[in-house]
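Here is a short briefing on how parts of one protein chain meet. Keep the sequence and the 3D view open as you read.

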Amino acid sequence: MKVSVLGGGAWGTALAELSAKNDHAVKMWVYEPEVAQAIGTRHENPLFLPDVPLSPKIMATTSMEEALDSAELILSVVPSHLVREIMTEASPYMPRDAILVTASKGIEDDTLLTMTGVIEETVPAEIHRRLTAISGPSFAKEVARGVPTAVVAACHDVRVAEEVQHALSTDTFRIYSQTDVIGVELGGAVKNPIAIAVGCADGMGLGLNSRAAIITRGLAEIARLGVRMGANPMTFAGLAGLGDLILTCTGDLSRNRQVGLNIGRGMTLKEILEGQRSVAEGVKNAVTVYKLSQKLEVSMPIIEQIYLVLYAEKSPKMAVTDLMTRRLKSEIGL
C-alpha cells in the first residue's frame, strides 16, 4: 500500500518504520525541515527517536500535498492539540477513498471531542466511514526496535479495522480489531493524567500499595466515563484500557509518569515543562478530561485531584488526603 504518516514525532516515526518493514511505500509529513533531512539522508530521527536506524524506504517531506499524493492509508500521528489544525491543512489533499487512522490520544479543549470527532469536522465526509482509531500499550522506541507489542484498531466498520490490522501487523506488532471507537479513544486519552497521578505518588515515595490503588480506581474512572459516553465496558479490560494504563503508569519511558514523578518530588509544572520539546499529553488531558467529567456529571476524583495539583497549586499531599477521606462507598457498580 501507499502509506502516508502525518507527524514526525517518536510515534509517527515508529509507525513509518513499521509500515516500511511491511514493504509499503511510505511518505512522512514532518513539520521540522531538519527532521525531514535527517530521515531522508541519514535514515534517522535524532530529534524525536534517537539511536533507532530507519528504513531507507521512508521518504520525508515538509510538503503536505507531496506526502498525501495517492495515499491509500493515512496515519495521523500529531499531538492531540494540533489535530484540528493539521487535519484542516491536510484535508484538500486527502484521496477520498483512503483509510484514515488516528493514533493521537486526547480530548480537544474547546469542544471536548475525541480525535475522531475532531477529524470528522475537518476531513471530507467520504472518509468518515473509514476513520479508524489505533491505541494500546506501545512505547514508540520499543515498537521501532521490534519489541513484541500488541494494540487494537477500532472502526465502526469492522472490515476497515481488519484492513488496518492486516496492513500494519508484523511478526513483532500484533493488531487486534474491534468496533468500539469511543472506548478505544477514551482509554488512550484518560490514562495519561492517571499516569501523572501514579508518578506523583511514586515521586512522593508512597509505595506500591498506593500505585496499585490509583491504577485500579483510575481504571474505574475511565470505565465510568466511557459507559456514560456509550462505550463497551469490556474495552477497558483490554489493550486500549488496562493494557495502556499499566504501561503508561509504570513504564520508565512514559513522559506522563515522568511529569508526575517530578511533581511528587517538589517541582512545579512550569519548571517541568520549560525546555521540553516532546509533549506529555496528560498535562493537557488533565484539563480536558476534567472538563468532560464535569459536563457529563461523571465522578472522577483522581482526575479532579491531579487537575487541582497541576493547575490550582494544590499540594500532592493534600490531594492524597482528600482522596483517602472521601465518603466510604461500595466498590461494585463502578
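The points below cover a helix pair, the salt bridges and the aromatic rings.

This is a predicted model. A search of the whole structure finds 12 salt bridges. The search for aromatic pairs finds two.

**Two packed helices**

- Two packed helices are described by the angle between their axes and the distance between the axes.
- Helix α10 covers residues 208-228, and helix α15 covers residues 301-311.
- Their axes are 8 Å apart, and the packing angle is about 105°.
- That makes α10 roughly perpendicular to α15, because angles from 65 to 115 degrees count as roughly perpendicular.
- On the α10 side, the contact uses I214, R217, G218, E221 and R224.
- On the α15 side, P301, I302 and I303 meet them.
- The residues of this contact divide into four nonpolar, one polar and three charged.

**Salt bridge K105 to D244**

- K105 and D244 form a salt bridge, with their closest N and O atoms 2.7 Å apart.
- The pair links distant parts of the chain, 139 residues apart.
- K105 sits in the loop between β5 (99-102) and α5 (115-120), while D244 sits in helix α11 (residues 239-250).
- Is K105 buried or exposed? K105 has 14% relative accessibility, so it counts as buried.
- D244 also counts as buried, because its relative accessibility is 2%.

**Salt bridge D157 to R129**

- The side chains of D157 and R129 meet in a salt bridge, at 2.7 Å from N to O.
- This pair, too, links distant parts of the chain, here 28 residues apart.
- D157 lies in the loop between β7 (149-154) and α8 (158-168).
- R129 lies in the loop between α6 (125-128) and β6 (131-135).
- D157 is buried, with a relative accessible area of 12%.
- R129 is partly exposed, at 46% relative accessibility.

- Which residue forms a salt bridge with D322? The partner is K314, and the closest N and O atoms are 2.5 Å apart.
- D322 counts as partly exposed, at 28% relative accessibility.
- K314 is buried, because its relative accessible area of 19% falls under the 20% cut-off.
- Salt bridges that share partners also join R84, E108 and E121 into one network.

**Aromatic rings**

- A search of the whole structure finds two aromatic pairs.
- Y290 and Y307 form a stacked pair, 4.2 Å centre to centre with 10° between the planes.
- This pair links distant parts of the chain: Y290 is in helix α14 (residues 281-296), Y307 is in helix α15, and they are 17 residues apart.
- Y290 is buried, with a relative accessible area of 16%.
- Y307 counts as partly exposed, at 22% relative accessibility.
- The rings of Y307 and Y311 have their centres 5.8 Å apart and their planes at 35°, so this pair is tilted.
- Where do Y307 and Y311 lie? Both are in helix α15, four residues apart, which is about one turn of the helix.
- Y311 is partly exposed, with 37% relative accessibility.
- Y290, Y307 and Y311 form one aromatic cluster.

Conventions: Residues numbered from 1 in each chain as written. Predicted model: local features only at pLDDT ≥ 70, side-chain atom pairs only at ≥ 80, totals over all residues. Heavy atoms only, no water. Axes fitted to C-alpha atoms, helices over the stretch in contact; angles between N-to-C directions. Helix = DSSP H or I, 4+ residues; strand = E, 2+ residues; numbered from the N terminus. Parallel < 35°, antiparallel > 145°, perpendicular 65-115°, else oblique. Contact = heavy atoms within 4.5 Å. Nonpolar A, V, L, I, M, F, W, Y, C, P; charged D, E, K, R; others polar. Salt bridge = Lys/Arg side-chain N within 4 Å of Asp/Glu carboxyl O. Buried < 20%, exposed > 50% of the residue type's maximum accessible area, 1.4 Å probe, protein only. Phe/Tyr/Trp six-rings, centres within 6.5 Å; stacked < 30°, edge-to-face > 60°.
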